[in-house]
Amino acid sequence: MENRENFKSRIGFIMTSAGCAIGLGNVWRFPFITGKYGGAAFVLFYLIFLVLLGAPIMVMEFAVGRASAKSAARSFHVLEPKGTKWHIFGYIASIGNYLLMMFYTSVAGWMFSYIVKSARGSFQGLSTTEIGAIFTNLLANPAEQLFWMFFVTIVGFIICSGGLKNGVEKASTLIMTSLLFLMLILAIRALSLSGAQKGLVFYLKPDFSKMIDCGIGEVVFAAMGQAFFTLSIGMGSLAIFGSYIGKEKALAGEALSVIAMDTFVALMAGFIIFPACFAFGENPGQGPGLLFVTLPNIFNFMFLGRFWGTLFFVFMSFAALTTVIAVFENLIASTMDLFGWSRKKAVIINLIVVSVFSIPCVLGFNIWSSFAIPKVGNIQDIEDFIVSNNLLPLGSLVYLLFCTTRYGWGFDNFMAEANTGSGIQFPRCLSFYIRFILPVIVIVIWVVGYLQKFFL
């Protein structure tokens with residue numbers, strides 16, 4: 001088996017880990033859920049929960065990865081007490097990453113297809129209904145969707161084939177830097193629009209009366225859920241990058257750096273979307289249609305709209321691609337750890353497996369559209385439900401219990417690993433909170449997710 005690589009630099013680790021956490025949930029779901037729940041008041045609760053819920057579990061993933069120097073598939077084998085079965089979750093986490101890519105590659109493909117459509121001027125002169133029909137036609141066309149899905153999958157694995165330093169780290173750093181630069185340009189353009197100030201007020205000035213209108217409990221839980229899911233914690237997607245870093249830095253500071261980057265991108269997406277929506281009198285809380293219908297319509301009315309629209313979908317595609325690269329690296333590392341394969345062999349086999357497994361999601365919008373589960377939805381909805389409503393919260397619970405109970409790795413071992421190195425230390429005074437309160441919160445998120453899905 002090939003020797004394990006390490007990150008070339010700390011910034012490479014932060015950029016790659018942030019790239020995994022930063023995905024379409026930041027730049028797609030965050031703005032429309034913020035719009036739905038009243039703007040700044042929601043953002044305030046989101047930021048609080050990001051630190052209270054996300055940070056401890058992220059530190060645990062990094063700690064398990066660094067202490068074991070293995071992917072999620074093998075890390076529990078190394079650290080679990082003799083005779084226990086924690087390692088079974090490692091296999092489940094690996095399957096979860098395949099499930100995530102089975103639908104995420106398709107969504108990433110939509111973004112890349114919209115770069116081409118926007119650059120060609122496909123949206124110019126069309127009504128809102130006609131712009132909506134373009135997205136409907138994309139979903140109805142299996143050949144077009146398959147092309148873009150395969151394109152994303154091939155690009156992702158080509159990057160990963162270069163190895164950690166020359167492939168994943170180099171590409172993630174370049175893409176993340178470009179993404180941040182694109183966001184800055186788009187935000188400046190959106191803020192310069194006539195009427196953009198109303199969007200800023202909506203976004204930045206807390207109005208708790210809007211929370212009351214939506215229902216305080218519902219808004220708080222939505223903020224809790226968004227903070228929890230935005231970081232991609234619970235399936236070992238981040239643990240792999242912990243396994244690639246040295247012991248020079250304590251892990252709490254590294255986790256907070258990644259969370260800060262993730263939050264910055266989410267907040268900046270709001271600076272692009274809300275001023276643009278208010279400037280043109282569009283509803284910012286209308287769901288996924290915001291991306292594929294509302295924003296192309298807004299760019300239609302903007303000076304040099306074709307250019308700005310193309311730039312926006314380049315930005316969206318970069319956000320999607322960073323997650324694809326990070327999860328692909330996890331899949332490659334897991335199969336290398338499990339089977340002793342070379343990177344080249346792991347890349348080729350995973351390319352074939354992910355490509356084949358991603359086909360049902362594409363066909364679920366057209367040829368297999370009749371296949372659906374009541375209250376869950378089509379094939380993509382089913383795959384998303386398994387990952388988002390089950391594997392992420394329950395996986396986070398496994399990491400929590402593994403790192404805090406004597407039946408697992410144990411709290412003292414976790415603390416020793418987390419606090420090895422210089423920088424911000426993980427506070428021992430949080431012991432009671434992460435042992436007894438945080439697991440209950442995670443279970444509540446999981447249960448309420450089911451209640452909302454099937455009963456409310």
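How many disulfides does the rule count? The count is zero disulfides, a disulfide being a pair of cysteine sulfur atoms within 2.5 Å. This is a predicted model, in which local features need pLDDT of at least 70, side-chain atom pairs count only at pLDDT 80 or more, and totals for chains, interfaces and linings use all residues. Residues are numbered from 1 along each chain as its sequence is written, and side-chain values use heavy atoms, leaving out hydrogens and water.

**View 1. Cysteine 160 and its closest cysteine sulfur.** Cysteine 160 has a relative accessible area of 0% and is buried (buried means under 20% relative accessible area, exposed over 50%, partly exposed in between, with a 1.4 Å probe and protein chains only).

**View 2. Cysteine 361, also buried at 0% relative accessible area.** Its closest cysteine sulfur is in cysteine 20, 19 Å away, which is too far for a bond.

**View 3. A stacked pair, phenylalanine 135 and phenylalanine 292.** The structure holds 43 aromatic pairs (rings of Phe, Tyr and Trp, using its six-membered ring, with centres within 6.5 Å; planes under 30 degrees apart are stacked, over 60 edge-to-face, the rest tilted). Here the centres are 4.3 Å apart, with 5° between the planes. Both phenylalanine 135 and phenylalanine 292 are buried.

**View 4. An edge-to-face pair, phenylalanine 312 and phenylalanine 315.** Their ring centres are 5.8 Å apart and their planes are at 65°. Phenylalanine 312 is buried at 1% relative accessibility, and phenylalanine 315 is buried at 1% too.
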